[in-house]
Amino acid sequence: MGARPTSRAAALVALAAALAISVVAGVAFGAVKVPPAEVLAAVGRALAGRSGPVEDAVVIGLRIPRVLLAALVGACLATAGVLYQALFRNALADPYILGVSSGAGLGATLAFVAAGSTTLGVLVGVPAGAFAGALATIALVVALAGRAGRLESTSLLLAGVAVSYTLAALTSFVMVVSRESMHAVVFWMMGGLQRASWPYVGMLAAVLVLGSAVPFLRARELDLMLLGDERAGQLGLDAQRFTLAMLACASLVVAGAVSVSGLIGFVGLMVPHAVRLVLGPDHRTLLPASALAGAVAVVLADLVARVVLAPVELPVGIVTAIAGGPFFVWLLVRTERAR
Amino acid sequence: MTPGETLLSFENARVGYGFEPVVDGVALEVRAGEVVGLVGPNGAGKSTLLRAVTGTARVLAGALSVCGQDAVRLSPRARARSVAVVPQALPVPFAMTARRFVELGRHPHLDVLERPGSEDAAVVEDAMRRTDTLRLASQTVDTLSGGDLQRLTVAQALAQQPRVLLLDEATAHLDVNHALQVLDLVRSEADAGAAVLAVFHDLDLAARYADRIAIVAGGAVSEALPPEQALDADVLSRVFDVRAVVRVEPVTGSVAVVPIVRGADVAEAGLGPVGVVCGSGAGARLQRELARAGCRVVCGALNEGDVDADVARALGHAFFALPPFGEAGADAEAWAAQQFAACVSIVVAPTPFGRANVANLRAAVRSGRSLVFVGQFSAERDYTGGEAAALVAEALGAGAVVVPGEGDALRMVMAHVEEGRDE
């Protein structure tokens with residue numbers, strides 16, 4: 001079950017191949033179709049520094065950053081889901097349900113309204129605001145849910161939902177108060193990748209590397225956390241400190257994803273869960289495999305969002321929510337039955 | 001083996017959570033090669049003592065040292081290299097392989113970024129071999145039975161290569177076979193030089209596997225003593241409020257505890273007295289029920305070591321103690337006659353009669369008190385060459401009653417007792 005190195009490597013290679021195929025498909029399809037061969041040719045010309053036909057600008061300047069951003073957002077959300085599920089030993093935990101996405105959204109909105117749309121504001125201020133919002137939210141949710149040092153599954157989810165609603169209302173309030181930026185904020189909060197550009201890609205790639213490298217290097221400690229805080233402590237892990245560090249990593253990747261694409265729900269829930277079912281709970285495999293699978297999921301969801309009502313684009317968050325809501329209900333019913 | 005150096009020591013320690021002490025004045029040492037058992041009522045703080053060693057509970061005063069080092073200053077990692085815990089068997093809801101599960105026990109020996117190497121693999125292999133879990137290696141832990149999972153947890157603890165092993169009711173959810181298997185394993189770890197501190201839920205298992213036992217009750221810990229000294233009827237009555245027979249079980253050679261009745265269920269002995277002619281444990285149930293009903297009970301002469309004598313002692317019933325296998329002399333019979341003469345009623349238990357207890361029957365029959373026989377007397381129960389049979393016939397001639405069971409006898413006797421009280 002995922003413990004053998006060969007099957008682990010095979011699974012990762014397969015997921016990487018799936019990602020490559022979905023990226024090419026994501027670039028090729030859209031309002032204007034570009035054949036996959038043309039996509040590769042355009043990339044080749046851009047790398048060589050040669051000029052090409054007008055379509056190159058669409059492919060290089062719009063499509064590719066958008067698809068790459070979708071992939072990075074998916075990887076970030078899935079990574080955060082893996083971390084929350086391990087730390088809270090709860091298969092229903094994900095950044096959206098825990099309210100962390102809403103917290104990041106409020107932080108990002110405040111930063112957006114305050115810092116405006118300068119390049120520095122958008123690339124540093126908004127993610128920083130989102131990060132602060134995410135950290136404050138997870139601290140609040142854990143404090144609300146935790147009684148006598150134990151986190152009850154149901155109370156964690158209830159606290160998350162309650163905090164999530166409150167923060168979403170606050171975000172709406174901020175939007176209404178600052179009218180001029182309302183339209184931009186609304187579209188972004190619904191979960192969209194329309195504003196994709198290369199600087200965003202660079203920023204989110206850096207965030208993903210920062211936020212997932214430490215968890216990946218400490219995969220064994222994440223495995224230990226599955227045994228519970230007390231048992232992890234008995235086996236030599238300072239569970240409290242480790243949990244804080246991992247929550248910071250998770251908040252960072254969520255903040256990065258939310259600050260470029262708004263609220264995209266259920267990716268952090270579905271992807272780690274499905275990957276765990278197939279490859280087992282070993283985090284050395286689960287973390288990279290979930291990141292890859294999350295990337296594939298959001299690239300495909302964004303493709304659907306662009307194609308289904310073309311030329312009108314749906315926010316990608318709507319697509320993931322329509323797929324993820326029923327999945328969550330199924331998971332909840334299954335968990336309740338297992339008791 | 002003879003105990004070696006002290007590996008775990010509480011010195012006048014006060015332990016608890018936050019600033020709230022749970023147990024105070026703890027003085028306890030566990031040496032290499034020995035198993036020290038902790039017993040006591042629920043919630044008395046047994047687990048808190050173990051948690052103080054693992055750093056989950058706090059040492060509020062005094063000292064706690066592990067392998068000569070101050071336990072409070074140890075990092076979780078350094079601590080886990082010397083101390084391993086086997087907790088209660090708990091279900092594990094995820095599909096980790098058994099080998100990976102045991103391998104997690106190597107964590108405290110690995111650097112932050114270090115992967116387990118061949119040496120670690122050898123330790124894991126050895127731990128799994130000793131716990132008979134190698135055949136489970138590639139199964140996932142969420143599919144295992146409680147017994148298998150608990151042996152795997154022991155393997156995980158052994159993979160830590162600890163010098164101190166803590167057991168927190170490690171056999172609480174296991175059937176008797178798996179419980180013995182886990183404890184035999186722990187015993188052999190102690191014999192190989194580990195210091196074991198174990199919380200026991202089951203007093204018989206504690207007496208069987210612990211070299212010394214300390215009682216945790218009322219916010220304090222008693223001195224750790226050998227089981228036969230630590231567990232006696234007096235301690236059980238005081239600590240657990242249970243009237244019990246404590247005897248050396250000949251089959252295992254260790255102390256065994258047989259609870260008779262909860263102390264709270266024994267009424268103040270203000271009724272009666274009621275005589276019970278018994279022996280070999282035939283009167284145990286009568287003695288128990290009469291004690292619950294609040295009767296003072298006298299049993300005549302009984303041999304030391306006889307089950308009825310143990311029960312009488314545990315319940316505080318009067319009897320004349322004869323040496324083991326000794327016969328009742330004139331003094332014993334005179335004592336029984338005097339006691340029975342003062343009884344409201346006398347019950348004769350379905351006991352065999354021999355040279356020792358036939359004196360009780362004689363004293364009872366000649367006391368002139370109302371007599372109730374449980375069960376028809378037959379020659380199979382007569383080891384006195386006909387004397388007992390003659391005494392029974394004499395009693396029946398004088399109006400004694402025979403009832404089929406103990407329940408009937410108790411009802412009849414209690415009716416007599418109530419009448420006697422009304423008069």
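A crossing of two helices is called left-handed if the near helix is turned anticlockwise from the far one by less than a right angle, and right-handed if clockwise. The views below come from a predicted model, in which local features need pLDDT of at least 70, side-chain atom pairs count only at pLDDT 80 or more, and totals for chains, interfaces and linings use all residues. Residues are numbered from 1 along each chain as its sequence is written, chains are lettered from A in the order in which they are written, and side-chain values use heavy atoms, with hydrogens and water left out.

**View 1. Helix α3(A) passes helix α11(A) in a left-handed crossing.** The axes of α3 (residues 55-87) and α11 (residues 239-261) of chain A come within 9 Å and cross at roughly 150 degrees, which makes the two helices roughly antiparallel (an angle over 145 degrees, taken between N-to-C directions). Helices here are DSSP runs of H or I with at least four residues, numbered from the N terminus. Residues in contact (heavy atoms within 4.5 Å) include A:L69, A:V73 and A:Y84 of α3(A), and A:F242, A:M246 and A:V260 of α11(A). By class, this contact has 17 nonpolar, 3 polar and no charged residues, where Ala, Val, Leu, Ile, Met, Phe, Trp, Tyr, Cys and Pro count as nonpolar, Asp, Glu, Lys and Arg as charged, and the others, Gly among them, as polar.

**View 2. Chain A meets chain B through 20 residues of chain A and 31 residues of chain B.** Together the chains bury about 2300 Å², 58% of it on carbon and sulfur atoms (buried area being the accessible area, with a 1.4 Å probe, that two parts lose on being put together, summed over both). A:R220, A:R231 and A:Q234 supply 29% of the area that chain A buries against chain B, more than any other three residues. On the chain B side, B:R100 lies in helix α3 (residues 98-103) and is in contact with A:R220, A:D223, A:D282 and A:R284, leaving aside its neighbours within four places in sequence. At 8% relative accessibility B:R100 counts as buried (under 20% relative accessible area, with a 1.4 Å probe and protein chains only).

**View 3. Helix α1(B), residues 46-54, is largely enclosed by the rest of the structure, because 7 of its 9 residues are buried.** Among the buried residues are B:K46, B:L49, B:L50 and B:V53. The helix is followed by B:G55, whose phi is positive, near 90 degrees.

**View 4. B:V239 is found in helix α9 (residues 233-240) of chain B.** At 16% relative accessibility this valine counts as buried, and B:V239 touches B:P41, B:I215 and B:A217, not counting residues up to four places away in sequence.

Methods: Axes are lines fitted to C-alpha atoms, for helices over the stretch in contact, and angles run from 0 to 180 degrees between N-to-C directions. Angles under 35 degrees count as roughly parallel, over 145 as roughly antiparallel, 65 to 115 as roughly perpendicular and the rest as oblique. Buried means under 20% relative accessible area, exposed over 50%, partly exposed in between (1.4 Å probe, protein chains only).
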